[in-house]
Amino acid sequence: MEEILAYQSVEVCFAGQAVVHDVSFSLHAGEILGIVGESGSGKSTILKACMGLLGNSGMVTRGDIWFQGKDIPDLSEKELRGLRGKEIGMIFQDAGASLCPIRTIGDQIYESVAAHKKTKKEEVQKDALELFEKLHFHNTDRIWSSYPFELSGGMNQRVGIAMAMLMQPSVLLADEPTSALDVAVQRQVVEEMLRLRELFGTAMILVSHDIGVVSAMADTVLVLKDGQVMEYGKTAQVLQTPKSEYTQKLLKAVPRLRRI
Ligand SMILES: Nc1ncnc2c1ncn2[C@@H]1O[C@H](COP(=O)(O)OP(=O)(O)OP(=O)(O)O)[C@@H](O)[C@H]1O
């Protein structure tokens, strides 16, 4: 399998203070990597480093993040803007909150695609409705012309994921994509992401507190503690026979390991 993304000994600092230390992993086409760890262990920072979104005080101070032959920390803001959304898709915990409340879903989808390529609204609508159908959304026309407040939180999240996928990025970064949802919708979102991997062969990094979701989705798992990799390997191996005491504790903190 083709390697899509490689972190090599990455260190990230905020205001000179290192919060991610010597992190290495690689991601191949169609692979889903789960990143788990306690709050503050550096999971989101690892994703933000890949998008060049560490803000004014944050910086990759050591190592490389290779993507399509380019080292992300060396790229200019303009080059990063060209990658974000198009080559590197992103979804966050609450897509509903990041949608504009006073513009329709259709307008927002069109604008997000038009930001990266010259296209007509009818073309984007056709592609979007086709993807909605493949993801088994009901009333696809109605969704297209709805305002976010007219849809449920779960539906907004599912639309946000479909929107990220319309550009067919080679990698999708998902930060707690199911955390704000109730269990039934969580299941739909997990199934939807797996279906997207199947349809497009997209590689994904999934940051989640929910070991059940990680267990259901990820091929490989990286366990992070205080910005350091405690364990990294195949999901079954890491979750069923954890080597580090930290991973064992993390798993014990989960009431029941459930496969979705
Ligand atoms: N913009 C920032 N400025 C300064 N410190 C930051 C900034 N962003 C994150 N940090 C620090 O970096 C460390 C890692 O934070 P990060 O948000 O990556 O953890 P996390 O594992 O994603 O946590 P959570 O599960 O709570 O989202 C924390 O100590 C946090 O306080």
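Reply: Two residues are in contact if their C-beta atoms, placed from the backbone, lie within 7 Å. This is a predicted model, where local features need pLDDT of at least 70, side-chain atom pairs count only at pLDDT 80 or more, and totals for chains, interfaces and linings use all residues. Residues are numbered from 1 along each chain as its sequence is written.

Me: OK, so what is arginine 197 in contact with, leaving aside its neighbours within four places in sequence?
Reply: Gly30, Ile32, Thr202 and Met204. Arginine 197 is found in helix α8 (residues 183-200); helices (H or I, at least four residues) and strands (E, at least two) are DSSP runs, numbered from the N terminus.

Me: Is arginine 197 buried or exposed?
Reply: Buried, because there are 20 other C-beta atoms within 10 Å. A residue is buried if 20 or more other C-beta atoms lie within 10 Å of its own, exposed if 12 or fewer, and partly exposed in between, with C-beta atoms placed from the backbone. The C-alpha atoms of arginine 197 and glutamate 31 are 8.3 Å apart, although 166 residues separate the two along the chain.

Me: Zooming out, how many helices and strands does the protein have?
Reply: Eleven helices and ten strands. The radius of gyration is 18 Å, close to the 18 Å that the globule rule gives for 260 residues, so the protein is as compact as a globular protein of that length. That radius is taken over C-alpha atoms, and the rule is 2.2 Å times the number of residues to the power 0.38. Of the 260 residues, 40% count as buried.

Me: What order do the strands take in the six-stranded sheet?
Reply: β6-β7-β8-β3-β9-β10, an open sheet with mixed pairing. Strands pair if DSSP finds at least two bridges between them. β6 (88-91) and β10 (228-234) are at the edges with a single partner strand each, so one side of each has no neighbour in the sheet.

Me: How many bridges join β6 to β7?
Reply: Four, and the two strands run parallel. Methionine 90 has leucine 173 in β7 as its bridge partner. Helix α7 packs on this sheet, touching β6 and β7, with its direction at about 175° to that of β6. For such angles, axes are lines fitted to C-alpha atoms, for helices over the stretch in contact, and angles run from 0 to 180 degrees between N-to-C directions.

Me: And which residues have the most contacts inside the largest nonpolar core?
Reply: Val171, Leu173, Met204, Ile205, Leu206 and Met217, in a core of 74 residues. Helix α7 (residues 153-165) gives the largest share, seven residues. A nonpolar core here is a set of buried Ala, Val, Leu, Ile, Met, Phe, Trp, Tyr and Cys residues joined through C-beta atoms within 7 Å. Not counting residues up to four places away in sequence, leucine 173 touches several residues, including Leu47, Ile88, Met90 and Ile205.

Me: Switching to the four-stranded sheet, what's the order there?
Reply: β2-β1-β4-β5, open and antiparallel. β1 and β2 pair over eight bridges, with tyrosine 7 opposite phenylalanine 25 in β2. They form a hairpin with two residues between them, and alanine 15 in the turn has a positive phi of about 45°.

Me: Last one: which residues are buried in helix α4?
Reply: Ile105, Ile109, Tyr110 and Val113. Seen down the axis of α4, they fall within an arc of 130°, so they line one face of the helix; the arc is that of the directions from the helix axis to the C-beta atoms. Their cover includes α5 (121-134), α6 (140-145) and α7.
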